[in-house]
Amino acid sequence: MTRRAVRGRLVWFRDDPALAGEAALVDIPDGMVVIEGERIEAAGPAADLLEPGLEVTDYPNALILPGLIDAHIHYPQTRVIGSYGAQLLDWLQNYTFPAERRFADPDHCAAAARFFLDELLRHGTTTALAYASVHPGSVDALCTEAMGRNMRLITGKVMMDEGPEGLRDTAQSGYDDSKALIARWHGQGRIGYAITPRFAVTSSAAQLEAAGALLREHPDCWLQTHLAENHAEIAEVGRRFPESSSYTDVYDRFGLLGPRSIFGHCIHLAEAEVARLAATGSIACFCPTSNLFIGSGLFDLARLADRPDPVRIALATDVGGGTSYSMLQTAAEAYKVLQLQHRNWPALDAFHAMTRGNALALGLDHEIGTLEPGSVADLAVLDLAPTPAVAHRLEAIDRRDLPALLFALMIMGDDRAVRATWVAGQPLHERAGAA
Ligand SMILES: [Zn+2]
């Protein structure tokens, strides 16, 4: 196996800084990651790891982090991002559903998958939990492209038997197609499968029952759906499932809660719902740019996290409701959402969320979100002089003050701050014109 190395300032987390403070952080100013094949063989001070003949890629004036992880994103929505003036249900009708109908065409799927994965890599994101469309071919296209890049990607066919014309499956076909896709893709290379009922507005009881059956039959798959994003959505779910005590209870009744279940948004929840998410180890996914852009509301981190049994939290872009592929911009907007609730969010917590935190949420912390030896060499190299304005700001910060550097970088940074992205030991993106 080929051995090679990258050299620069290494930054990763061994623990949660919200619990362990700066002791959670590893910061090696002149560090090196030695890569053998796909995996990290060693990470530490360059002086200890340099050896004759080893090919070394240098990243001066940069931070080498684990690849960033996006825990909720829609790959069929790359052409509706930034569409004007609608809240959730109208947004779906006016923009999302027409865009997703085009995924009946395999050529369209393949082109969209290529664009989507290239865009993730340009933003330093090496793993995503991504919704496909209702069409099984949309999953085939995305998995084929991700396999070609050796990316750690989790996706699933959207199940929506009561969706609009042209985007409906049936409870039976949704089950059968998902089952076939799991057999075809789950565990192939680095691909994982997520059972993906869109939300309780577009799935019948029979389909949610089928999703629960799939999850029981494939307990190592993930489940992703949306929960309590918008008041009109919640009212509609109440009309559709009058026997349930809450939106969360709809999913709970069909066995969809659990430690591999990721629920997008979770903004408007009653106490009993928060308690059930916590008790089942379910993950609430904070999508700040989307929540602000679609006008859904402010994610109440304090309510979910500051309790004896905290709800597990993930952070995500939710493109195309979200307005940026950048996890840096996502963290910046998360910070502002929390500021509006008189709460700060330290940069160490934010960078933990984008890396080890999201890896923990996906149960992949042994593999990604870290630079520990044995993990896969998925890396994001962040530039400390990506634009004149950011360089100018960062020059005013003592280089030893990593939290201050990280904070300014997340507030001001975007794809231009990503100098390089490595996937499984290979450099798949190098920013043109970077020093
Ligand atoms: Zn979403």
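Modeller: Helices (H or I, at least four residues) and strands (E, at least two) are DSSP runs, numbered from the N terminus. This is a predicted model, in which local features need pLDDT of at least 70 and side-chain atom pairs count only at pLDDT 80 or more, while totals for chains, interfaces and linings use all residues. Residues are numbered from 1 along each chain as its sequence is written.

Colleague: Which residues of H16 are buried?

Modeller: In H16 (residues 402–412), they are Leu-402, Leu-405, Leu-406, Phe-407, Leu-409 and Met-410. A residue is buried if 20 or more other C-beta atoms, placed from the backbone, lie within 10 Å of its own, exposed if 12 or fewer, and partly exposed in between. As background, an α-helix has 3.6 residues a turn, so residues three or four places apart point the same way.

Colleague: How is the protein chain divided into domains?

Modeller: Domain 1 covers 3–67 + 371–430, and domain 2 covers 68–325. Such bounds come from an automatic or database domain assignment. Taken over C-alpha atoms, the centres of domain 1 and domain 2 are 30 Å apart.

Colleague: How many residues are in contact there?

Modeller: 13 residues of domain 1 are in contact with 13 residues of domain 2, where contact means that the C-beta atoms, placed from the backbone, lie within 7 Å. On the domain 1 side, strand E14 (379–383), strand E15 (418–423) and strand E16 (426–430) each give two or more residues. E15 gives the most, with three residues.

Colleague: What order do the strands take in the open sheet?

Modeller: The seven strands run E3-E2-E1-E4-E14-E15-E16, with mixed pairing. Two strands pair if DSSP finds at least two bridges between them. Strand E3 (39–45) and E16 are at the edges with a single partner strand each, so one side of each has no neighbour in the sheet.

Colleague: And how do E2 and E3 run, parallel or antiparallel?

Modeller: Strand E2 (residues 25–36) and E3 run antiparallel and are joined by six bridges. Within this pair, Met-32 has Gly-44 of E3 as its bridge partner.

Colleague: Moving on, which way do the residues of E12 point?

Modeller: In strand E12 (residues 283–286), Ile-283 and Cys-285 point one way, Ala-284 and Phe-286 point the other way, and all are buried. Strand E11 (residues 261–265) runs parallel to E12, with three bridges between them.

Colleague: What about the loops? Is Ala-424 buried or exposed?

Modeller: Ala-424 counts as buried because it has 21 C-beta neighbours inside 10 Å. Ala-424 sits in the loop between E15 and E16, and has a positive phi of about 50 degrees although it is not a glycine. Asn-150, in the loop between helix H5 (136–149) and strand E7 (152–156), also has a positive phi, near 60 degrees. With 17 C-beta neighbours inside 10 Å, Asn-150 counts as partly exposed.

Colleague: Which peptide bond is cis?

Modeller: The bond from Val-319 to Gly-320 is cis, with omega near 0 degrees. Gly-320 belongs to the loop between strand E13 (312–315) and H13.

Colleague: Finally, how many helices and strands does the protein chain have?

Modeller: There are 16 helices and 16 strands. Buried residues make up 55% of the 435 residues.

Note on methods. Two residues are in contact if their C-beta atoms, placed from the backbone, lie within 7 Å.
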